[in-house]
Amino acid sequence: FDVTPLLCTKLAGASKDGQHKDEKGTSMLNTVAQTAAAFARTPKNAQRLMSLGAHTSLLTALGNEHGRVADTLPHLVRALMYLSDVPGLVAQLQEAGAVAVLQALLPGQPGAPSLDARTDDNLRACLLRLGGLDDAKAEAALKTSALGIAAAGGASANNGSAAGSGSSTGGYTWDVFLSHKRTDAKDFARA
């Protein structure tokens with residue numbers, strides 16, 4: 001049974017006004033956005049969602065105040081990021097105005113919501129795939145992303161020393177050696 005049409009119908013209804021609630025009083029937009037993000041992870045499902053117009057509902061929700069709620073926004077952005085990961089869908093997302101809607105969410109834009117690091121990374125990844133960020137902005141995004149901060153912290157902690165010589169962050173020190181051969185691990189342990 002294909003639930004994608006039902007998902008798209010619920011997403012369209014919930015994205016317009018944000019008033020649709022389930023039996024527990026939870027916003028249906030949050031629930032449907034989570035489901036859409038999970039569905040969009042595979043290219044086949046992403047194409048199916050796009051063919052049924054889910055992207056327009058996602059963009060509508062992001063353009064409205066109820067789509068910018070802290071517990072819903074990450075799921076909407078993640079769903080669009082997964083859709084933008086499929087090369088054949090990029091042009092459709094661009095034509096639907098995804099770049100303008102997503103750029104309005106960037107920190108520093110008037111009325112932009114506050115984003116956690118993961119949502120900010122997903123937003124910038126989506127914009128990069130859609131051509132909404134140039135390389136300089138992508139480099140700056142990498143420096144402020146969770147990955148960039150970890151890389152900068154790791155490089156400064158061990159002063160750029162070779163991998164495997166130990167890393168230190170937050171007072172913890174560890175050495176890591178991975179091998180699928182037991183003899184290699186024994187040789188390393190003896191050294």
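1. Serine 84 is buried, at a relative accessible area of 3% (buried: under 20%; exposed: over 50%; partly exposed in between; 1.4 Å probe, protein chains only). Serine 84 sits in helix α5 (helices are DSSP runs of H or I, at least four residues, numbered from the N terminus).

2. This is a predicted model: local features need pLDDT of at least 70, side-chain atom pairs count only at pLDDT 80 or more, and totals for chains, interfaces and linings use all residues. Residues are numbered from 1 along each chain as its sequence is written, and side-chain values use heavy atoms, without hydrogens and water.

3. Beyond neighbours within four places in sequence, serine 84 contacts Val90, Leu93, Cys126, Arg129 and Leu130 (contact: heavy atoms within 4.5 Å). Leucine 130, with residues up to four places away not counted, touches Ser84, Val90, Leu93, Gln94, Ala98, Val99 and Leu102.

4. Leu130 also belongs to the largest nonpolar core, which has 41 residues (buried Ala, Val, Leu, Ile, Met, Phe, Trp, Tyr and Cys joined through side-chain atoms within 4.5 Å). Leu62, Leu80, Leu83, Leu102 and Leu130 have the most contacts inside it. Helix α5 gives the most to this core, with 8 residues.

5. Helix α5 (residues 73-84) also packs on α2 (residues 28-39), at about 25° with axes 8 Å apart (axes are lines fitted to C-alpha atoms over the stretch in contact; angles run from 0 to 180 degrees between N-to-C directions). The pair is therefore roughly parallel (angles under 35 degrees).

6. On the α2 side, Leu29, Asn30, Ala33, Gln34, Ala36 and Ala37 take part. They meet His75, Leu76, Arg78, Ala79 and Tyr82 of α5.

How values were computed:
Helix = DSSP H or I, 4+ residues; strand = E, 2+ residues; numbered from the N terminus. Parallel < 35°, antiparallel > 145°, perpendicular 65-115°, else oblique.
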